[in-house]
Amino acid sequence: MADGRPGMTYDVIIVGMGPAGATAAEALSRGGLSVLGFDKARHPRYKVCGGGLSARIEQVLEPGFRSVIEQTVSGVQFVYRGQDPLLIESTRPIAYMVMRDRFDHYLLQQAVRVGAEIRNDEVVSVTQDSDAVDVTTQQGRYRAKVLIGTDGANSLVARQLFPNRSLHRAPALESEVSIGDGQHFPNATTILVDVGAARRGYGWIFPKQDCLSVGVGEFCQKSMSLRATFERFVKEARGLTGRTVPRPAGHPIPAYSEPEVESGEGAGRQFANGRAMLAGDAGHLVDPLFGEGIYYAVRSGQLAAGAILDHPHDPHASRAAYEAALERDILADFRVTGRIARVIYAFPRLGFKLLRRYQDVVQAYFAVLQGRTTAAQFLPDAKKRLKSSVNDLLLEALHLR
């Protein structure tokens with residue numbers, strides 16, 4: 001087996017070169033550190049994904065990412081089991097649609113341009129000691145001071161270096177429906193969200209340049225009949241009538257959930273352990289309300305890189321800095337959106353009625369997606385507008401069942 005550069009210890013090795021890995025690699029390389037990134041696939045490569053980026057991405061990426069935007073979204077059409085459409089629009093963009101092959105390749109090229117070394121090779125094991133991290137691939141062995149795992153929902157890094165980490169992945173199915181020069185549905189600037197399409201989840205139709213991304217996801221640990229749920233959603237979606245919908249592909253959604261109490265070595269270390277960090281889907285940094293992951297992958301990759309650059313010779317300090325940054329920028333919001341999700345997905349019919357009744361609250365949430373406020377800042381005002389706390393809404397839902 002061939003070795004990496006003889007005698008060389010990289011500053012950082014990154015496993016997985018999706019949005020989190022590529023963004024971290026760019027920031028670290030730009031900061032002057034030696035970076036080696038691994039991805040088992042050669043980019044550009046197709047990836048099953050809704051491809052929705054909340055508009056706040058503008059605040060964390062350079063403007064060049066606009067070159068790979070497929071559509072700009074300014075409205076959401078909510079339905080319940082395909083009926084009673086409710087269109088809520090914003091005067092500003094709330095999201096951008098991308099195809100992951102083009103978007104991920106764009107981010108990877110930014111990392112390469114500033115000096116990141118990228119290899120198409122599959123990582124088979126990772127170990128660490130007090131001095132370094134060792135990475136074994138199908139083609140060689142490599143060593144680094146720090147490791148960032150950005151290798152997706154089924155992360156090998158998480159399994160091998162965070163053994164007591166207990167988190168679930170939500171099942172999803174998605175298909176890409178070609179429209180060519182045909183008409184988008186609902187339209188090119190509007191996404192469709194069906195809050196009654198799935199058990200504790202939703203169905204979606206996202207407009208791309210020449211196709212529609214159509215899918216269903218359920219934010220629960222297991223789904224006994226997701227394929228039947230997908231087929232029912234397609235049948236009930238008016239905009240898909242007469243269109244050929246290819247067989248859907250499955251993919252997990254590693255939505256954030258509060259960690260279970262674990263014991264043993266590494267217990268309580270969700271995102272950093274020793275010289276290893278997790279970012280993006282590998283860290284389950286996916287919004288529990290809508291399942292948005294790309295923005296949080298990019299942001300967590302940047303936060304991990306920033307923590308390392310601030311403390312390049314102190315893994316303990318960089319670990320603490322990363323965890324503090326996640327708490328400040330991401331996790332506080334996830335706790336809020338998780339509370340909202342538990343109510344809406346447990347009682348979707350009531351949730352849909354509340355959407356119609358309190359459209360101003362939805363408009364206020366658009367400001368979160370636009371980066372003009374946070375979910376934690378949104379919630380107190382929303383509770384005042386609803387004249388009820390989330391707990392009160394849950395009690396109301398129980399009474400109406």
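Arg-102 forms a salt bridge with Glu-70, and their closest N and O atoms are 2.9 Å apart; a salt bridge here is a side-chain nitrogen of Lys or Arg within 4 Å of a carboxyl oxygen of Asp or Glu. Arg-102 belongs to helix α2 (residues 100–113) and Glu-70 to strand β5 (residues 69–73), so this pair ties together parts that are 32 residues apart in sequence. Helices (H or I, at least four residues) and strands (E, at least two) are DSSP runs, numbered from the N terminus. The structure is a predicted model, in which local features need pLDDT of at least 70 and side-chain atom pairs count only at pLDDT 80 or more, while totals for chains, interfaces and linings use all residues. Residues are numbered from 1 along each chain as its sequence is written, and side-chain values use heavy atoms, with hydrogens and water left out.

The two partners can also be compared with the surface in mind. Arg-102 counts as partly exposed, at 33% relative accessibility, whereas Glu-70 is buried at 11%. Buried means under 20% relative accessible area, exposed means over 50%, and partly exposed lies in between (1.4 Å probe, protein chains only).

A search of the whole structure finds 16 salt bridges. In general terms, side chains of opposite charge can pair when their charged atoms come close. Another of these links joins Glu-236 and Arg-81, with an N to O distance of 2.9 Å. Glu-236 lies in helix α4 and Arg-81 in the loop between β6 and β7, so the pair ties together parts that are 155 residues apart in sequence. Glu-236 is partly exposed, with a relative accessible area of 21%, and Arg-81 is partly exposed too, with 32%. Within helix α2, Asp-104 and Arg-100 sit 4 residues apart, about one turn of the helix. Asp-104 and Arg-100 form a salt bridge with closest N and O atoms 2.8 Å apart, and both residues are buried. Arg-45 joins them, as Arg-45, Arg-100 and Asp-104 are linked in a network of salt bridges.

Turning to the strands, an open sheet is formed by 7 of them, in the order β7-β6-β14-β15-β16-β13-β17, with mixed pairing. Two strands pair if DSSP finds at least two bridges between them. At the edges are β7 (83–89) and β17 (249–253), each pairing on one side only. From one strand to the next, the twist averages 20°. Inside the sheet, β15 (residues 201–207) and β16 (residues 211–218) run antiparallel and are joined by 7 bridges. Trp-204 has Gly-215 in β16 as its bridge partner.

Helix α4 (residues 226–236) touches β13 (170–178), β14 (190–194), β15 and β16, and its direction makes about 135° with that of β16. Contact means heavy atoms within 4.5 Å; axes are lines fitted to C-alpha atoms, for helices over the stretch in contact, and angles run from 0 to 180 degrees between N-to-C directions. Helix α7 (residues 348–357) lies across β6 (75–80) and β7, at about 45° to β7.

Helix α8 (residues 359–369) is mostly covered, with 8 of its 11 residues buried. Among the buried ones are Val-361, Tyr-365, Phe-366 and Leu-369. The buried residues of α8 pack against β4 (52–54), β6, β7, α6 (315–346), α7 and α9 (375–386). Just after α8, Gly-371 takes a positive phi of about 80°.

Leaving out residues up to four places away in sequence, Ile-148 touches several residues, including Val-12, Ile-14, Leu-28, Met-277 and Ile-308.

Finally, the count of disulfides comes to 0, a disulfide being a pair of cysteine sulfur atoms within 2.5 Å. The sulfur of Cys-49 is 12 Å from the closest cysteine sulfur, in Cys-211, too far for a bond. Cys-49 counts as buried at 15% relative accessibility, and Cys-211 counts as buried at 8%.
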